[in-house]
Amino acid sequence: MKYGIIATDYDGTLATDGVVTDDTITAMERYRDAGGTLIMVTGRELTDLQKTCPRLDLFEGVVVENGAVFYQPRTNAIKVLAQPFPPAFMARLRAQDVKQLHQGHVIVTTWQPYGETVQTTIEELGLDAQVILNKRAVMVLPTGVNKASGLAAALKTLDLETVKVAGIGDAENDVDLLQSADVSVAVANALPRLKAIADKVTTQSRGAGVQELIEFILSGLL
């Protein structure tokens, strides 16, 4: 098997409306049973993901908060990979009436149309931060923290740095993930920007696209 690791996004890639189908779970089990390693790389926070995805046990590692936190389901170990923002940042955003505002271990999230307000606030406070978009979602992370950096930390922690990775995703925040993978795959429902940089685009959408990738790897066609 050429690609011993599949690093997959969750929403819009592995899951449809937050749900992973039984067929997709079966395909992941086949890949794992064949010796493959599954790593999830998502913008979601861990507590939210644990409520949504009942089969985290299929994954050797789970990168959450778009690269800021690494979780190992087998041991329940959580490793925070970046420093959180100062309280003044959240206070300033709240004072500007930014809605649906939330902070995880590190990540700060809201939704459009507040992206411009968030960017202006970062500049006013002189924060070393970046705004990452995921369709309508607005995510704020320390500069240099993204899905690629989170995956690299996961591979180092798991001692899997020499294993070839197939990365698969659907949205803007998956660009770094795909660019860091040994082979990059966009599901059929992916945004045009992601399809443009992918080595392969599946014919199927979301979980069915992940199934397609697994079949290609297990059959030796990729």
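Biologist: Which residues does Gly209 touch, leaving out those up to four places away in sequence?
Modeller: Gly209 touches Ile168, Val187, Thr202 and Gln204. Keep in mind that this is a predicted model.

Biologist: Where is Gly209 found?
Modeller: Gly209 is in helix 8, residues 206-218.

Biologist: Buried or exposed?
Modeller: Gly209 is buried. Its relative accessible area is 0%, and buried means under 20%.

Biologist: How far is Gly209 from Val138?
Modeller: In sequence, 71 residues. In space, 26 Å from C-alpha to C-alpha.

Biologist: Staying with helix 8, what about the phi of Arg206?
Modeller: Arg206 is found in helix 8 too. Its phi is positive, about 50°, although Arg206 is not a glycine. Most residues other than glycine have a negative phi.

Biologist: How accessible is Arg206?
Modeller: Arg206 has 33% relative accessibility, so it counts as partly exposed.

Biologist: Where else is there a positive phi on a residue that is not a glycine?
Modeller: Asp159 has one, about 60°. Asp159 sits in the loop between helix 5 and strand 10. With 65% relative accessibility, Asp159 counts as exposed.

Biologist: In which sense do strand 1 and strand 10 pair?
Modeller: Parallel, over 4 bridges. Strand 1 covers residues 5-8, and strand 10 covers residues 165-169. Ala7 has Gly167 in strand 10 as its bridge partner.

Biologist: New topic. What does strand 9 pair with?
Modeller: Strand 7 (residues 108-111) pairs with strand 9 in the antiparallel sense, over 4 bridges. Strand 8 (residues 129-134) is also antiparallel to strand 9, over 6 bridges.

Biologist: Which residues stand opposite each other?
Modeller: Val108 faces Val140 in strand 9. Ala129 stands opposite Pro142 in strand 9.

Biologist: Why is strand 9 called largely enclosed?
Modeller: Because 6 of the 6 residues of strand 9 (residues 137-142) are buried. The rest of the structure encloses it.

Biologist: Which peptide bond is cis?
Modeller: The bond from Gln112 to Pro113 is cis, with omega near 20°. Pro113 lies in the loop between strand 7 and helix 4.

Biologist: Then helix 4. At what angle does helix 4 cross helix 3?
Modeller: Roughly 135°. The axes of helix 3 (residues 87-95) and helix 4 (residues 115-125) come within 10 Å. The two helices are therefore oblique to each other.

Biologist: Left-handed or right-handed?
Modeller: The crossing is right-handed.

Biologist: Which residues meet there?
Modeller: From helix 3, Ala88, Phe89, Arg92 and Leu93. Their partners in helix 4 include Thr117, Val118, Ile122 and Leu125. By class, this contact has 6 nonpolar, 2 polar and 2 charged residues.

Note on methods: Residues numbered from 1 in each chain as written. Predicted model: local features only at pLDDT ≥ 70, side-chain atom pairs only at ≥ 80, totals over all residues. Heavy atoms only, no water. Axes fitted to C-alpha atoms, helices over the stretch in contact; angles between N-to-C directions. Parallel < 35°, antiparallel > 145°, perpendicular 65-115°, else oblique. Left-handed = near helix turned anticlockwise from the far one by under 90°. Contact = heavy atoms within 4.5 Å. Nonpolar A, V, L, I, M, F, W, Y, C, P; charged D, E, K, R; others polar. Pairing = 2+ DSSP bridges. Buried < 20%, exposed > 50% of the residue type's maximum accessible area, 1.4 Å probe, protein only.
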